[in-house]
Amino acid sequence: MGNVLAASVPPPPSPPPPTSGLLPNLEKPDSSETLNSSSRLSDGLKNPGTIEDLHKKCKDVFPANFEGAKLMFNKGLSNHFQISHTISMSSIAQSGYRFGATYVGTQQPVPSEAYPVLLGDIDPSGNLNANIIHQFGERLRGKLATQVQKSKFTAVQMTTDYRGDAYTVSLTLGNPDILNGSGVFVMHYLQSITPSVALGGELAYQRGPAVPGGQVAVLSAAGRYTNGDSTISGSLGLSGCHLCFHQKASQQLQVGVELEINCRIQESTGAIAYQIDLPKADLIFRGSVDTNWTVGAVLEKKLQPLPFTFALSGMINHSKPQFRLGCGLIIG
């Protein structure tokens with residue numbers, strides 16, 4: 001879901017909050033669980049969250065592999081303001097130094113969340129990633145994400161989420177250009193049918209001179225089924241389908257399976273991943289393998305009693321003989 005938006009106008013990557021851990025987390029926090037507690041109906045239905053988070057449980061099990069070396073230092077200046085310093089070295093991603101900052105406001109629509117949230121990072125060349133998230137009451141939330149490269153706005157994305165008692169409506173506008181008449185508009189709708197089933201759809205519309213015919217619209221359907229610790233989610237459209245399965249086998253083990261079929265290029269990919277949590281050892285291990293014979297793994301270890309977290313990443317691609325190794329350390 002969201003393939004049209006992702007393929008045409010990639011949303012600007014969110015900088016990792018200083019408290020998010022060593023590996024860059026480009027996904028926004030899943031706040032559906034906290035909002036569900038205040039969005040219930042008498043018949044037991046609750047808010048299903050957003051379609052953007054439809055596959056989140058499965059995606060979180062997969063390792064976020066990285067290559068090279070990374071050092072991150074976090075410092076909390078107050079209860080609302082934190083800064084971070086990141087030094088990375090990689091032959092694939094951009095290397096160098098980045099300064100990040102995060103501000104969390106005092107408005108609390110729910111006990112576990114505070115708004116507004118302002119976070120961003122910048123490098124010595126002036127390349128900037130910035131995000132603003134604000135909650136307008138208990139139902140309406142707005143997000144603005146921008147990316148500046150070489151003193152030019154390369155990506156802008158504005159999103160509004162309205163959360164009803166048993167449904168969510170999201171509107172997203174990406175890279176709007178009024179003068180050239182181009183941009184991307186995406187509308188999401190997700191409705192709780194029963195306590196276990198949620199159904200919805202996505203309408204994506206793109207307009208611009210680079211688009212064949214000047215404009216294109218794509219409609220797709222989405223759904224999610226939850227049964228205890230198991231979750232099945234999927235999206236289906238003319239361009240293909242995306243299916244995910246997540247199972248929490250125990251307190252220490254989670255498994256995720258993903259199948260993605262692309263009808264345009266006539267290609268399908270399957271992957272399986274698992275996550276092992278060992279709280280007593282302060283250790284998290286994630287591993288995955290897909291049908292392209294790409295094997296990846298990430299190990300995160302907290303070095304108690306010091307405020308250090310060490311991460312080791314490895315990935316092997318057997319179809320294209322490659323081996324990538326990464327290590328990192330977060331302080332604070």
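**Close-up views of a predicted model**

**View 1. Asn129 and its polar partner.** The N129 side chain makes a polar contact with the side chain of Q147, at 3.3 Å (a pair of N or O atoms within 3.5 Å; within protein, one must be able to donate a hydrogen and the other to accept it, and residues adjacent in sequence count only if both atoms are side-chain atoms). N129 sits in strand β5, residues 128-136 (strands are DSSP E runs of at least two residues, numbered from the N terminus). N129 counts as buried because its relative accessibility is 9% (buried means under 20% relative accessible area, with a 1.4 Å probe and protein chains only).

This is a predicted model: local features need pLDDT of at least 70, side-chain atom pairs count only at pLDDT 80 or more, and totals for chains, interfaces and linings use all residues. Residues are numbered from 1 along each chain as its sequence is written, and side-chain values use heavy atoms, with hydrogens and water left out.

**View 2. The largest nonpolar core.** Six residues form it: C58, V61, F62, C244, A271 and A273 (a nonpolar core is a set of buried Ala, Val, Leu, Ile, Met, Phe, Trp, Tyr and Cys residues joined through side-chain atoms within 4.5 Å). Another core, of five residues, lies apart from it and includes I51, L54, L190 and A222.

View 3. β1 (residues 68-76) pairs with β2 (residues 81-89) in the antiparallel sense, over eight bridges (pairing requires at least two DSSP bridges between two strands). F73 has H85 in β2 as its bridge partner. Four residues separate β1 and β2 in their hairpin. β2 also pairs with β3 (residues 96-107), antiparallel, over eight bridges. Here S88 stands opposite G96 in β3. A hairpin of six residues joins β2 to β3.

Technical notes: Buried < 20%, exposed > 50% of the residue type's maximum accessible area, 1.4 Å probe, protein only.
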